[in-house]
Amino acid sequence: MQDTSVEWRAFMDAMAAGVAVLCTAIGIVYGFGSPDPAMSFHGFVFAAGSIAACAFIIPSMFEGARDTELYFDGPIRFTVIAAVFWGIAGFFIGDVIAWQLAFPQLNLDLPWTSFGRLRPLHTSAVIFAFGGNVLIGTSFYVVQRTCHARMPGKWLPWFVVAGYNLFIVIAGTGYLLGVTEGKEYAEPEWYADIWLTIIWVAYLGVFLGTIMRRKEPHIYVANWFYLGFIVTVAMLHIVNNLAIPVSWWGTKSYVIYSGVQDAMTQWWYGHNAVGFFLTAGFLGIMYYFLPKRAERPIYSYRLSIVHFWSLIFLYIWAGPHHLHYTALPDWAQTLGATFSIMLWMPSWGGMINGLMTLSGAWDKLRTDPVLRLLAISVAFYGMSTFEGPLMSIRTVNSLSHYTDWTIGHVHSGALGWVAMISFGAIYCLVPWLWNRRALYSMKLVEWHFWVSTIGIVLYITSMWVAGIMQGLMWRAYDKLGLLSYSFVETVEAMHPYYIIRAVGGALFVIGSFIMAYNVWRTARGDVPRDAHDQPRVAAAPALRVQAAE
């Protein structure tokens, strides 16, 4: 049996090395063979990433050491470091473009630093690079602990996390070079989309493989949310990104849809990217890390099941509300608005379930800023899921659409809900993954909480005021029936609010640097500055078992 196991590990090592060598060859062929400069550059990037994989895999084939960890946490550590890095990058670029809106000369009259190229770089870096790494890392952590099973394979989890970050690099550099499909949240071109599809299938395989190996008969609800997120995002990505390349050697492709069908498919994708990537996945984080940090059982397990199935069923229909007053048929617009309003109840059911989990542990919010990050994220989740259905109503949408009110709404969810719960999860994970007694400094977590919260409040309140003012100015008429304000006048009126928004963004960036410093000192093993003041929280499960003879 031992010989068979050794032979199987050797075979899988050889397969992994073979895949890395093949990818290296493909990258070199495109690097030297493509007449498209951007495609050639990405070929070399792909080759460089594959060579790094070879350098990582091939030496390990001759080590012969067995991994004695009960759980496979190496890839999770990688995602935590990547999430911190991409978070800083994404928040910083977002603040740069916020200042560009206030002071357009900061575009520098260069194509690579223009708002049009930096804006998709910001959204992808924050949503897919920062948020995606948090989701992959936490899902790998949670599914192993709740299933009492190790992730399958030695190299497949590494392929998922490294391959996903290689996709981020290719997509992000593509935006700076002007390579884009021009679809909101789906800008990467055809070759990057194919690579992401391969990575995502491997991700699903790792997650399902862990569940199938579980020693715990019950599948905890967090895993249902993670699984719903993985499966639905795969479907959304494939359908919305169906395209025909102009040439297999160039970056340009054309989407197979046209006109209103393209718009409908895009916002079916766009809204459900929010619904499943930015909501369902992060609810999986809430259902594990909030009870774990509070050391309380989830308030109502039955409510969590109702929350899951109602959210999964309703969210998929809500996309058309992004296309009010367009060429989309009225019945489709009404359908989207109706399902958006129906989403109110399951969304708030999840919020109530999260907040009520703190019953009997409210005093910990005073002493534990990590738990405070998790709790305030749930409050922002409730607020943004109230505002979203409100803005889907046609009469409200006639005022809010195309204004900065929408920007404020998006960032109350993205910064208040997604980022804050990600910060809380990272602060929980770092001591567990690096086997540290405590975080380096809870005082720094306190500073991070308040700096980021003030930044969010400045950001979203300025955009709420600016957006409503925009909408009212655009619909103002004089007694002759002419527009009271030109478009330039409305832009000029936004200037002070754009400055406030940029200041709020700058505070959020500062908070992310505070987190990075705290994470670095904790992972390095520095003695905690205030360990005696840190709240007692549930420890991570045992990391090691006895090595087999």
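Biologist: How many helices and strands does the protein have?
Modeller: In this predicted model, the secondary structure is counted over the whole protein. The count comes to 17 helices and 2 strands.

Biologist: What radius of gyration does the protein have, and why does it count as compact?
Modeller: For 549 residues the globule rule gives 24 Å, and the protein comes close to that value, so it is as compact as a globular protein of that length. Along its principal axes the C-alpha trace spans about 90 × 65 × 45 Å. The radius of gyration itself is 24 Å.

Biologist: Among contacts between residues at least 6 apart in sequence, what share joins residues at least 24 apart?
Modeller: A contact here means heavy atoms within 4.5 Å. Of the contacts in the protein between residues at least 6 apart in sequence, the share that joins residues at least 24 apart is 82%.

Biologist: Is Ser139 buried or exposed?
Modeller: Ser139 belongs to helix α4, which covers residues 115–147. The cut-off for a buried residue is under 20% relative accessible area. Because the relative accessibility of Ser139 is 0%, this residue counts as buried.

Biologist: Which residue has its backbone oxygen 2.9 Å from a polar atom of the Ser139 side chain?
Modeller: Leaving aside residues up to four places away in sequence, Ser139 touches Tyr203, Phe207 and Tyr226. The backbone oxygen that lies 2.9 Å from a polar atom of the side chain of Ser139 belongs to Leu135.

Terms used:
Residues numbered from 1 in each chain as written. Predicted model: local features only at pLDDT ≥ 70, side-chain atom pairs only at ≥ 80, totals over all residues. Heavy atoms only, no water. Helix = DSSP H or I, 4+ residues; strand = E, 2+ residues; numbered from the N terminus. Rg over C-alpha atoms; globule rule 2.2 N^0.38 Å. Buried < 20%, exposed > 50% of the residue type's maximum accessible area, 1.4 Å probe, protein only. Polar contact = N/O pair within 3.5 Å; in protein donor to acceptor, adjacent residues only side chain to side chain.
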